Amino acid sequence: MSTEAAKADQPLQIRASRGGAPSLSGPLLGDAQPMVYGTDVPLTESGIEYLQRTAGNASVVDLLARHVELSPLELPGVADRDRPATEPLGRPKSLRLAGSANEGVRHADGLATPLQRHAKGATPSFDKGAAESAVNSRGEPAAAPAAVGGGRRPARLPNRAMDVATAEAALNGAYGTVHTMTRPPIKIVSKRELLRAYDKYCIDNSVPYTNPRTGTTRPWRRGDADRSIEGFALPDGSAIYVQKNTVLPTATAHEMLHANTAADFRAAVGEAINEGTTEHLAIKAVAAAGLPTVGRSGAKAYVDQVGAVGKLITVVGEATLIAAYFGGADSLVKAYEALMPSTFAALKGAGMLDTAHMAALLVPRTPAQKTALVNGRLSASTTAADIAAIQAICASDAADVPTIAAGVAANLETAVRTKVVEQTAASLGLATDLAGLPIASVSALRTAIGPDIGLLVMAKLLGSVDATAIADATALAELPFADRDGLALSVSGAVAIQLAMGLHGLETVTKLGNLPFADKTALQTSYSPTIVTWADELLDGWVSDADLDQIGALCNLPITNRSTFAATLRPRASELNWGQRMRLRLMLDSP
Amino acid sequence: MPATDPRELASRVYALSGRAFELARAVASGDPPPDVADEARQVRIELMDLNDAIDALADPTLRSARSEAVVDLNYVMSGGAAPLSLRLAQVGPRPDDRRPEEDLED
């Protein structure tokens with residue numbers, strides 16, 4: 001046995017301090033004392049548990065952590081049914097704990113949030129005053145803090161359900177970006193209150209009671225509710241009753257998750273996966289909030305189901321599971337079927353837990369297998385469903401994405417190029433979606449396919465460029481992997497061709513120069529001198545009003561450098577008659 | 001015959017609980033099989049016979065499964081008049097439609 005373990009097994013004792021007030025000491029506190037307060041029975045760690053059951057975790061943990069002095073405060077005992085069989089007889093039915101021990105968990109402790117207060121051991125019952133903190137008004141134990149003795153051992157746990165506000169805060173903290181929890185009308189009550197509420201509903205609503213063994217039926221009577229009932233919901237949805245004295249700290253979060261899951265999730269995935277997912281998410285949220293997730297004596301809920309869901313997560317990834325839990329089961333089903341050879345229906349089976357069956361169908365795919373699966377979906381006929389499946393495969397494990405990306409790059413490029421060349425709105429949409437996959441490199445696609453896009457754009461901009469051609473070219477240019485420089489060169493080439501047509505191409509040149517992917521500065525540098533020369537030549541000899549119209553059109557081209565144009569033509573105004581001179585000056589001076 | 005092996009016990013309890021849920025869902029759907037009450041009684045008896053073993057195992061999941069089953073079976077045997085199990089309530093009204101209430105801890 002290790003020193004630590006041996007130390008932990010040594011008796012923990014309570015002794016009298018000066019003035020008669022007892023104090024607690026022992027191995028866990030680093031100060032072993034031989035005396036025991038109140039009785040001559042030494043307390044071991046199981047004794048601490050007994051204290052927790054009788055006085056409440058909050059009080060005992062606070063006591064351990066702070067070495068507080070004890071003073072008389074009568075506390076009620078615990079029901080015998082809660083006492084382990086190994087507990088020695090003759091334990092005191094009541095212990096005296098200090099008011100000072102309770103002060104550490106009173107509401108005036110400055111803890112603002114439900115999580116802080118829960119972690120500290122506070123519950124709404126503490127609002128009523130420090131005297132009720134160790135036990136509540138019904139003599140039931142209070143909640144425990146998250147850590148004991150400065151983290152020297154795991155937290156001792158509340159023998160009760162987490163309050164609704166704490167669970168809600170923990171769940172929103174964990175999943176708030178995916179889903180904002182709605183608070184179901186959960187009533188966390190004692191076993192007695194729970195059974196009483198069940199009986200009351202049945203009596204008030206004339207529910208018949210049937211004796212299972214005899215089959216005889218009679219009106220429901222008080223006491224008919226079976227003691228094994230730990231929770232139920234009223235049919236009108238007005239209340240969900242959950243037993244307070246549950247040994248499962250995640251119970252409230254678990255039930256709140258059930259109330260917030262997608263409507264189709266339970267039916268789609270079956271009981272085992274539904275419960276396992278719910279408990280997995282509850283554990284994750286509660287743990288993230290720094291609160292205990294394991295009940296006394298290591299009690300956990302749905303262990304096998306959680307284990308199966310853990311395997312499911314290794315197959316599809318946790319993000320996919322969470323998205324399906326809150327958003328709809330379809331994405332989970334499709335992700336599973338994209339990755340695995342079997343159907344989700346086969347995995348679900350009868351819906352009940354069959355660990356061997358599920359384990360056989362939940363062997364995660366290797367990166368090489370995932371690469372092959374993705375390659376199988378990358379072709380000229382890749383569909384939106386294929387892309388969704390690839391997305392799901394990538395989401396199964398982010399660590400596999402680089403390997404998959406390297407293994408599918410060639411096929412991805414081919415698939416994207418095919419979609420681009422098709423040049424339909426749908427195909428370009430698919431190309432965009434393909435480029436958005438985690439396995440895609442936009443820069444690599446730009447290098448590989450950018451020049452192709454440039455050629456396609458230029459082809460659209462030749463001849464008489466109509467609105468359709470402009471729209472098609474713009475759609476190509478807006479692909480995320482289009483090369484802006486290449487596109488600008490395409491426009492420049494088209495402008496050169498249009499200008500070669502002389503003045504007939506000016507209307508098209510205007511359209512080209514105004515394209516969002518045109519480089520106006522470069523176009524002006526390349527073509528403005530030619531345009532200025534044309535305009536200057538139009539002023540040679542006899543000048544008609546039509547010549548001035550053409551000069552105006554050249555001046556207003558988006559690829560014309562206006563300042564050079566004006567500087568060149570303004571001196572020639574003196575060659576014109578008064579009316580033409582005024583018109584030319586207005587052209588040159590207009591903004 | 002009471003199950004003694006924990007895994008066998010768990011398997012039986014889950015199976016009975018699952019059957020109870022199916023029966024309850026059938027009643028809730030308004031189209032239960034004609035012998036649904038008799039089958040519910042039989043499941044309830046089988047579950048009662050496992051009570052001691054379940055209590056001895058102290059597995060909270062099994063207890064939860066039993067609790068859900070008992071509520072489901074009461075629901076079935078009462079002809080759909082008794083309260084719902086928490087799992088059956090999930091396929092009923094959504095919480096959005098319910099009036100928020102404070103819990104009774106205070």
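Buried means under 20% relative accessible area, exposed means over 50%, and partly exposed lies in between (1.4 Å probe, protein chains only). The model is predicted: local features need pLDDT of at least 70, side-chain atom pairs count only at pLDDT 80 or more, and totals for chains, interfaces and linings use all residues. Residues are numbered from 1 along each chain as its sequence is written, chains are lettered from A and ligands numbered from 1 in the order in which they are written, and side-chain values use heavy atoms, with hydrogens and water left out.

**Figure 1. A salt bridge between A:E275 and A:R266.** A salt bridge puts a side-chain nitrogen of Lys or Arg within 4 Å of a carboxyl oxygen of Asp or Glu. Here the N to O distance is 2.8 Å. A:E275 counts as buried because its relative accessibility is 6%. A:R266 is also buried, at a relative accessible area of 4%. Over all chains, the count comes to 25 salt bridges.

Figure 2. A:D386 and A:R377 meet through their side chains at 2.8 Å, N to O. A:D386 is buried, with a relative accessible area of 15%. A:R377 is partly exposed, with a relative accessible area of 24%. In chain B, the side chains of B:D72 and B:R87 form a salt bridge at 2.7 Å, N to O. B:D72 lies in helix α4 of chain B and B:R87 in helix α5 of chain B, so the pair ties together parts 15 residues apart in sequence. Helices (H or I, at least four residues) and strands (E, at least two) are DSSP runs, numbered from the N terminus. B:D72 and B:R87 are both buried. Elsewhere, a network of salt bridges links A:D536, A:D540, A:R572 and A:E575.

**Figure 3. Aromatic pairing around A:Y198 and A:F232.** Rings of Phe, Tyr and Trp (its six-membered ring) pair if their centres lie within 6.5 Å; planes under 30 degrees apart count as stacked, over 60 as edge-to-face and the rest as tilted. By this rule there are eight aromatic pairs over all chains. The ring centres of A:Y198 and A:F232 lie 5.0 Å apart with planes at 85°, so this pair is edge-to-face. The pair links distant parts of the chain, 34 residues apart: A:Y198 sits in helix α7 (residues 191-204) of chain A, and A:F232 in strand β8 (residues 231-233) of chain A. Both A:Y198 and A:F232 are buried. A:Y336 and A:F344 have ring centres 5.6 Å apart and planes at 90°, so that pair is edge-to-face. A:Y336 and A:F344 are both buried. One aromatic cluster is formed by A:Y198, A:Y209, A:W220, A:F232 and A:Y241.

**Figure 4. The interface of chain B and chain A.** Contact means heavy atoms within 4.5 Å. The contact takes in 62 residues from chain A and 43 residues from chain B. About 4,500 Å² is buried between the two chains, with carbon and sulfur atoms giving 54%. That area is the accessible area (1.4 Å probe) the two parts lose on being put together, summed over both. Three salt bridges cross the interface. One side-chain pair in a salt bridge is B:R7 and A:D304, at 3.7 Å, N to O.

**Figure 5. The side of chain B that touches chain A.** In chain B, α1 (6-29), α2 (36-49), α4 (60-77) and α5 (86-90) each supply at least two residues of this side. α4(B) gives the most, with 11 residues. The residues of this side divide into 18 charged, 17 nonpolar and eight polar. Ala, Val, Leu, Ile, Met, Phe, Trp, Tyr, Cys and Pro count as nonpolar, Asp, Glu, Lys and Arg as charged, and the others, Gly among them, as polar.

**Figure 6. A:S427 in helix α18 (residues 425-435) of chain A.** A:S427 is buried, with a relative accessible area of 2%. A polar atom of the A:S427 side chain lies 2.8 Å from the backbone oxygen of A:K419. Leaving aside its neighbours within four places in sequence, A:S427 is in contact with A:K419 and A:E422.

Definitions and conventions
A polar contact is a pair of N or O atoms within 3.5 Å; within protein, one must be able to donate a hydrogen and the other to accept it, and residues adjacent in sequence count only if both atoms are side-chain atoms.
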